[in-house]
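Student: Could you go through this fold with me, one part at a time?
Tutor: Gladly; let us look at it together.
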Amino acid sequence: MKQITNTIVMIRPVKFRMNEETAVNNYYQEDVGVIDANTKAQQEFDEFVSVLKSVGVHVIVIDDDPENDTPDSIFPNNWISFHESGDIGLYPMFAVNRRRERRPEVLNRIESSGFEIKNVVDYTEAEDEGVFLEGTGSLVLDRVHRKAYCALSPRADEELLIEFCEDFEYTPVIFTAYQTVEKDRLPIYHTNVMMGVGETFAVVCLDCIDDKKERKNVVNHLKNDGKEIIAITEDQVNHFAGNMLQVAGSEDKRYLVMSSAAFNSLTKDQITKIKKHCEILHSDLNIIETLGGGSARCMMAEVFLPKEQ
């Protein structure tokens with residue numbers, strides 16, 4: 001089992017804007033009245049792709065379909081996940097306009113890139129019941145130790161999480177993560193905003209887990225699996241420092257990928273700790289983060305599928 005991959009799927013936006021349907025519980029989105037947001041998001045996207053490719057990450061770029069009017073298509077990891085078994089997961093999405101992001105063309109492109117899809121595990125019918133689990137936004141997977149870290153929220157249902165864990169043979173590690181919104185403590189919409197798990201380390205905001213037992217449980221799981229815990233603050237989470245992903249580049253080099261805002265929020269000590277494990281890659285994603293309320297990790301759907309024989 002591998003924790004990281006060198007192959008990423010990214011969707012190039014054609015109708016990017018602030019999504020009014022997700023803003024109801026994604027408190028990181030800000031409508032700052034950007035003119036021609038889509039063009040600016042495309043520029044950030046293209047630069048980010050070139051940064052990844054420059055170190056040998058294989059990026060499969062697929063253009064979004066303008067007919068669908070999908071402002072958040074730039075975040076594909078929420079609706080699909082790819083696994084070494086050859087299985088893929090398709091996930092129920094909270095926002096109605098995000099459900100149109102699930103396109104057969106994406107699967108066709110993956111297969112035409114030489115990967116084998118053996119089985120589709122489809123949870124999307126849960127949308128009819130108003131139940132959601134938004135892929136590797138809701139689930140932070142330790143693929144080697146078979147653990148699924150999940151912060152429960154309107155977009156991460158506990159029963160559906162258990163079903164995923166039974167289907168894909170993971171142990172659930174369940175908690176609630178909070179952020180302060182105008183003095184209220186409200187659930188963070190996606191787990192991957194406040195934590196990321198690499199091969200030998202985890203970046204996590206323990207301050208977001210208000211329940212001491214839940215916090216201790218997360219720490220114990222990470223420590224027992226030999227992960228160095230690199231703690232970040234809630235303020236750093238607000239700069240998307242939790243939204244990071246470790247990838248493999250050429251010559252098997254390891255990189256932790258993040259936005260420039262996330263990188264600039266880190267302390268020297270945190271950077272030193274990360275660099276013990278891998279190099280850091282960052283790119284400016286300001287417009288995407290401000291309007292979209294998501295960052296580097298959300299933009300990358302990792303491909304672990306077997307190659308076609």
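Student: Which strands form the open sheet, and in what order?
Tutor: In this predicted model, three strands form an open sheet in the order E14-E15-E16, and their pairing is mixed. The edge strands are E14 (245-248) and E16 (279-283), each of which pairs on one side only.

Student: How do E15 and E16 run, and how many bridges join them?
Tutor: Strand E15, residues 254-259, runs parallel to E16, and five bridges join the two. Within this pair, Leu256 stands opposite Ile280 in E16.

Student: And which helix packs on the sheet?
Tutor: That is helix H1, residues 37-54, which touches E15 and E16, and whose direction makes about 160 degrees with that of E16.

Student: Switching to helix H2, which of its residues are buried?
Tutor: In H2, which covers residues 104-112, the buried ones are Val106, Leu107 and Ile110. Seen down the helix axis, these buried residues fall within an arc of 95 degrees, so they line one face of H2.

Student: Then what covers the buried residues of H2?
Tutor: The cover includes four strands, namely E1 (7-12), E2 (58-63), E3 (80-82) and E4 (87-90).

Student: New topic: how many residues does the largest nonpolar core have?
Tutor: The largest nonpolar core has 37 residues, and those with the most contacts inside it are Tyr149, Phe175, Met194, Met195, Leu222, Leu256 and Leu266. Among the elements that give two or more residues to this core are strand E7 (147-151), helix H5 (212-224), helix H8 (268-275) and E15.

Student: Which element gives the largest share?
Tutor: That is E12, with four residues.

Student: Let's take Met194; what is it in contact with, leaving aside its neighbours within four places in sequence?
Tutor: Leaving those neighbours aside, the contacts of Met194 include Phe175, Ala177, Ile188, Val203, Val204, Cys205 and Val237.

Student: Which residues belong to the second core?
Tutor: The second core, which is separate, has 28 residues, including Ala37, Phe45, Val51 and Ala296. As general background, nonpolar side chains tend to be buried together in soluble globular proteins.

Conventions:
Residues are numbered from 1 along each chain as its sequence is written. This is a predicted model: local features need pLDDT of at least 70, side-chain atom pairs count only at pLDDT 80 or more; totals for chains, interfaces and linings use all residues. Side-chain values use heavy atoms; hydrogens and water are left out. Two strands pair if DSSP finds at least two bridges between them. Contact means heavy atoms within 4.5 Å. Axes are lines fitted to C-alpha atoms, for helices over the stretch in contact, and angles run from 0 to 180 degrees between N-to-C directions. Buried means under 20% relative accessible area, exposed over 50%, partly exposed in between (1.4 Å probe, protein chains only). The arc is that of the directions from the helix axis to the C-beta atoms. A nonpolar core is a set of buried Ala, Val, Leu, Ile, Met, Phe, Trp, Tyr and Cys residues joined through side-chain atoms within 4.5 Å.
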